[in-house]
Every structure is written in C-alpha cells, then in structure tokens.
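The sequence and model come first.

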Amino acid sequence: MSLLAQELAELIRQDGPLSVSRYMALCLGHPRHGYYMKQDPFGTDGDFTTAPEISQVFGELIGLWAASVWQAMGAPASIRLVELGPGRGTLMQDMLRAARALPGFREALSVHLVEMSPVLRERQKQALAASGAEPRWHDRIDQALEGPAIIVANEFLDALPLDQFVRTPEGWRERLVGLDDEGRLAFGLSGEPDSSLPLAAPAGSVLEQPAAASEVVATIARHVAAEGGAGLFIDYGPARSGFGDTLQALQRHVFVDVLAEPGDADLTVHVDFARMAQAGLSAGAAAHGPVTQRDFLLALGLQQRFEALSRRATPAQAESLAGGAQRLIETGSTAMGELFKVLAVADRNLPLLPGFDLHRLPEQG
Ligand code: SAH
C-alpha cells in the first residue's frame, strides 16, 4: 500500500467515506504524496504526453491566436498572459516565441502562471529562463487576474475534482470512496438520496457534477467580461452533456484502476464542454465553440505553419514534424483531433475569435 493509500484509509476510518472530489483532490494535490506535488509526470518516460509536448506547432498557433485576440482588443499597452497548469512550460515557451512575430504584443504582455506543483514550477522556470519573460507564479486563479487578460489552459480542467452521483430506484445517491472488508479502498453509495438533483435517468446512470471546473470557467468569464480579454480551454471531453463515469487513472501511458494507485497515477475526468460554455455565458461572457481540436488548429493554419517549418528542416526533422502535426489533428473517437475540444469565453465586445469561425453559440440576453 502506498503512503497516501494508508493515509486515506486512516482518514476514512476516522471520518467515514470520502466524496469523489475529495479523493481526487488528495490524490493529485496532497502536499507530500499528491501526484503532481512530487514528480514530473510528462513524456515518454512519464505517465502521459500532452499536445505541446507532441509538437511545437501547437503552442505556436496558440501564441498567434493570443496575438490576434490582443489586436482585436485594440492592442492595449499592457495585458496579462495567464496560463493555468503550465506543466513543463513548453506551451508558454512556444507561445512566446511565436508572439515575437508581433513585437507590440511581446512588449505589452506580462506572463502569469497558476501552478500548484513545486516540481513543475521549477521546470517552468527553466523552460522560460531564456524567453526574457520574467513570469510570476500564483497558487490561485483570482490572484493571477488583473486588468485585460488572455488566459490559456491546456489539460487543466480535466484535473479538477468533481463529484459523482448514481441513479438508484430511490433517487440519486452520491458515489463515495470507503473501505472494503479487507481494508482496501472501495466505491460505495451514500445512504440518503440527494433530493437536490431533479434529473430523471435510468437506474445505474452516473451523473458528474464538475463544480470546480465550472467555477474556474465562470471566474475567468466574469473577469474578461469586466476587464476585457478571453480565456481558452483545451481538453478532452464531449461537446454535449451526457451521463457516465469518466474518472480515469493513467500510469506510464496505460489505464489503471482509479483506486489502485492513489498519488502514483494521474487521475482525471472528461470535461463537459456544454456545461463549461454555459458557465461562461451565465457569468456574462460570450462563448466561442466548443469545436474539435482538429477544426480549431486547421482554422488557425496548422497546415501552413507545418509547411513553413518543413521547408527549413532536414528530411528527418520534417518527418517528425509531420508525425506530430498529424497526431494533433487525428480523427477517431479516442484520437486527439476529435476527442479534444476547444472553448473560448470572451468579452462580448470582441468579434468572433480566430479558430471558431463557423461555430459561434448564440449569445444570451
Ligand atoms: N498544460 C500542460 C500540463 C497539463 S497537466 C500541458 O499541456 O502539458 C495539469 C497541470 O495542471 C500540471 O501543471 C498540474 O500541476 C497543474 N494543476 C493541476 N491541478 C491544479 C490546481 N488545482 N491548481 C494549480 N495547478 C494545478
């Protein structure tokens, strides 16, 4: 049993079963044993690989996206470029390099990073050392937001804890993490049904309540509605809401039991993009998208960017560039181009943002 598993078992013996959100939050963020707190999980040697680690084109296109949002805002003299959960710092590094194409933007921006992991903060510091950007780190999002801002979050919302409810003949009962007869972590259900969930559904249906992710999107939407700017969220998950248990654990690129390796496997959920868009609209911003990552990157000029880079590359480099670019836009229900969605919440005074050209949701009110 891992140290965290022992600690969780002790906690459950004392206080009773944990909500799924509490379990997730402890597995990822426990100060000593939390998954993100003690290691760098990325890359082929790690547990998973993200889009910025696959191809530099990803971050470069998002850097150009940010630059054109800044222009659409009327090129304010000072703007915060905020990233949530920057991982190894690769996305920001590539964004800043691409942003050099627009000197005014580079001069106007200050870089703010929201990161809970000390290990990853150190990685980010190294990655951005040569950029001249002098980033500032924050523990919480509200500390990072001030004045006009462009906020970017790739694979961040999927790491935010959510609660789960299971439909039983008596109503919705909360899914909890307790202990089985042998003292091992096991799922169970709350005794009392939760009467605040009015939704009807067939018995056995699982309903997820992503309160933390909705709150992040709402906070950013409120901020850009009041101060100007836009927030961009890229993650895996459906464009439409549905039922189902999406909690998953990944270790060395293989799915494992979500209760088997607390603190030693990455624990994530799929992001409900319809709900995130709704959270943005309710907070007073416009929602652009969701669109698939494929549509978004192609609309931003992935093909042209890849061709320009290939012209300056050796044949071996060109081949690897082609492989990376292709992986970002690959179709298929579990492939990046289709499983991943992109949503922006933006100041309503901004025109349709690049990448979303055919997909704007009607504004409310
Ligand atoms: N955006 C990066 C990394 C994604 S992994 C990429 O695309 O490669 C998730 C990132 O979010 C990690 O940097 C992790 O440490 C950070 N993170 C997760 N939950 C967080 C929280 N509640 N507050 C701050 N950072 C968090």
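Arg 222 has a relative accessible area of 44% and is therefore partly exposed, since that class lies between the 20% and 50% cut-offs. The model is a predicted one. The side chain of Arg 222 meets that of Glu 215 in a salt bridge, with N and O 3.4 Å apart. Glu 215 is likewise assigned to the partly exposed class, at 43% relative accessibility.

Salt bridges with shared partners also tie Asp 40, Glu 53, Arg 88 and Arg 123 into one network. Over the whole structure, the search returns 16 salt bridges. Three of them, including the pair described above, are set out here.

| Residue | Partner | Closest N and O atoms |
|---|---|---|
| Glu 53 | Arg 88 | 3.9 Å |
| Arg 173 | Glu 170 | 3.3 Å |

The salt bridge of Glu 53 with Arg 88 has its closest N and O atoms at 3.9 Å. This pair connects distant parts of the chain, its members being 35 residues apart: Glu 53 belongs to helix 4 (residues 51–54), and Arg 88 to the loop between strand 2 and helix 6 (90–99). Glu 53 is partly exposed at a relative accessible area of 26%. Arg 173, the partner of Glu 170, has a relative accessible area of 19%, so this arginine falls under the 20% limit and is buried.

How many residues of strand 5 are buried? Strand 5, residues 149–154, is mostly covered, with six of its six residues buried. Ala 149, Ile 151 and Ala 153 point to one side, while Ile 150, Val 152 and Asn 154 point to the other, and all are buried. In a regular strand, side chains alternate between the two faces of the sheet.

Strand 5 pairs in the parallel sense with strand 2 (residues 79–84) over four bridges. In this pairing, Ile 151 is the bridge partner of Val 82. Strand 5 also pairs in the parallel sense with strand 10 (residues 229–236), here over six bridges. Ala 153 stands opposite Phe 233 of strand 10.

Three strands make up an open sheet in the order 12-11-13, with antiparallel pairing. Strand 12 (254–256) and strand 13 (266–268) are the edge strands, each pairing on one side only. From one strand to the next the twist averages 40°. Strand 11 (residues 248–251) runs antiparallel to strand 12, and three bridges join the two. Within this pairing, Leu 250 is opposite Phe 255 of strand 12.

**Two buried residues**

Gln 293 is located in helix 12 (residues 293–299). Is this glutamine buried or exposed, at 1% relative accessibility? Gln 293 counts as buried, because 1% is under the 20% limit. The side chain of Gln 293 reaches the backbone oxygen of Leu 328 at 3.0 Å. Beyond its neighbours within four places in sequence, Gln 293 is in contact with residues including Ala 51, Phe 58, Ile 234, Leu 328 and Met 336. Gly 337, Phe 340, Lys 341 and Val 342 are also among the contacts of Gln 293.

His 33 lies in the loop between helix 2 (20–29) and helix 3 (35–38). At 13% relative accessibility, this histidine also counts as buried. Neighbours within four places in sequence aside, His 33 is in contact with Leu 3, Leu 4, Glu 7, Cys 27, Lys 38 and Gly 263.

Definitions and conventions
Residues are numbered from 1 along each chain as its sequence is written. This is a predicted model: local features need pLDDT of at least 70, side-chain atom pairs count only at pLDDT 80 or more; totals for chains, interfaces and linings use all residues. Side-chain values use heavy atoms; hydrogens and water are left out. Buried means under 20% relative accessible area, exposed over 50%, partly exposed in between (1.4 Å probe, protein chains only). A polar contact is a pair of N or O atoms within 3.5 Å; within protein, one must be able to donate a hydrogen and the other to accept it, and residues adjacent in sequence count only if both atoms are side-chain atoms. Contact means heavy atoms within 4.5 Å. Two strands pair if DSSP finds at least two bridges between them. Axes are lines fitted to C-alpha atoms, for helices over the stretch in contact, and angles run from 0 to 180 degrees between N-to-C directions. A salt bridge is a side-chain nitrogen of Lys or Arg within 4 Å of a carboxyl oxygen of Asp or Glu.
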